[in-house]
Amino acid sequence: MTRIVSGSCLCSAVTFEVSGKIDAFFLCHCSRCRKDTGSAHASNLFAADATLTWLTGGNQVRTFRLPDTRHAKSFCSVCGSALPTVEAKGVTIPAGSLDDIVAIRPDAHIFGASRAAWDHDLDDVPVHDGLPGVPSSDWAVDNATAHGLAVAGVMRLG
Ligand SMILES: [Zn+2]
Ligand SMILES: [Zn+2]
């Protein structure tokens with residue numbers, strides 16, 4: 001199935017399209033992906049024969065390649081958002097960078113042996129539709145402020 005997906009960075013300067021068949025979707029828990037995403041795992045689509053086109057802002061994309069490894073990460077040099085990387089074996093696309101609905105289920109968790117100590121049974125953790133303890137009418141506040149409030153709330157609880 002050939003399709004085109006499009007995405008952008010957080011500051012919106014960088015926009016891109018990827019055309020081609022998505023071959024795989026992996027959630028990688030390796031220590032490098034945890035470090036470069038700052039999260040439990042990377043969520044990457046892989047497309048061996050796809051074509052990546054920067055629509056805008058291509059000149060502010062940087063790619064970091066970890067020496068002596070195949071680990072690479074592309075990002076917006078202004079806002080730091082993860083962006084696709086062209087590699088010898090195809091294009092790696094961070095799922096979160098896409099603006100389209102990705103109607104693909106992940107194929108697998110990989111490097112599960114490297115999971116963070118807290119990364120288990122996450123389906124059992126409570127899910128809030130927005131900020132815990134904040135009425136939905138207040139969710140529209142600036143995201144950074146809202147996130148700060150949530151963190152502050154957690155800190156107080158702690
Ligand atoms: Zn940006
Ligand atoms: Zn990884």
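What is the mean pLDDT of the protein chain? The mean is 89, and 87% of the residues reach 70 or more. Here pLDDT is the predictor's confidence in each residue, from 0 to 100. This is a predicted model, in which local features need pLDDT of at least 70 and side-chain atom pairs count only at pLDDT 80 or more, while totals for chains, interfaces and linings use all residues. Residues are numbered from 1 along each chain as its sequence is written, and chains are lettered from A and ligands numbered from 1 in the order in which they are written.

Start with the elements. The protein chain holds 2 helices and 11 strands. Both kinds are DSSP runs, numbered from the N terminus: helices are H or I with at least four residues, strands are E with at least two. From the N terminus on, the order is β-β-β-α-β-β-β-β-β-β-β-β-α. Where pLDDT is low, the predicted coordinates should not be read in detail.

Now look at the sheets. Strands pair if DSSP finds at least two bridges between them. One open sheet has 3 strands in the order S1-S2-S5, with antiparallel pairing. S1 and strand S5 (51–56) each have a single partner strand, so one side of each is left without a neighbour in the sheet. S1 and S2 run antiparallel and are joined by 6 bridges. Val-5 stands opposite Val-18 in S2.

Gly-7 also lies in strand S1, which spans residues 3–8. Is Gly-7 buried or exposed? Gly-7 counts as buried because it has 23 C-beta neighbours inside 10 Å. The rule is simple: a residue is buried if 20 or more other C-beta atoms lie within 10 Å of its own, exposed if 12 or fewer, and partly exposed in between, with C-beta atoms placed from the backbone. Leaving aside neighbours within four places in sequence, Gly-7 is in contact with Phe-16, Ser-97, Leu-98 and Asp-99. Contact means that the two C-beta atoms, placed from the backbone, lie within 7 Å.

Another open sheet has 5 strands, in the order S9-S10-S4-S3-S11, and its pairing is mixed. Its edge strands are S9 (85–87) and S11 (108–110), each pairing on one side only. S9 and strand S10 (residues 90–94) run antiparallel, joined by 3 bridges. Thr-85 stands opposite Thr-92 in S10. Strand S3 (residues 24–28) pairs with S4 in the antiparallel sense over 5 bridges. S3 pairs with S11 in the parallel sense, over 3 bridges. Follow Phe-26 to see both partners. Phe-26 stands opposite Asn-44 in S4, and its bridge partner in S11 is Ala-108.

Next comes the interior. Buried residues make up 20% of the 158 residues in the protein chain. The largest nonpolar core has 16 residues, and Val-18, Ala-47, Leu-83 and Val-91 have the most contacts inside it. Such a core is a set of buried Ala, Val, Leu, Ile, Met, Phe, Trp, Tyr and Cys residues joined through C-beta atoms within 7 Å. The elements giving two or more residues to this core are S2 (15–20), S4 (42–47), S7 (72–76), S8 (82–83) and S10.

Take Leu-83 as an example. Beyond its neighbours within four places in sequence, Leu-83 is in contact with residues including Cys-9, Val-14, Phe-16, Val-61 and Pro-94. Across the protein chain, residues 24 or more positions apart account for 58% of the contacts with a separation of 6 or more.
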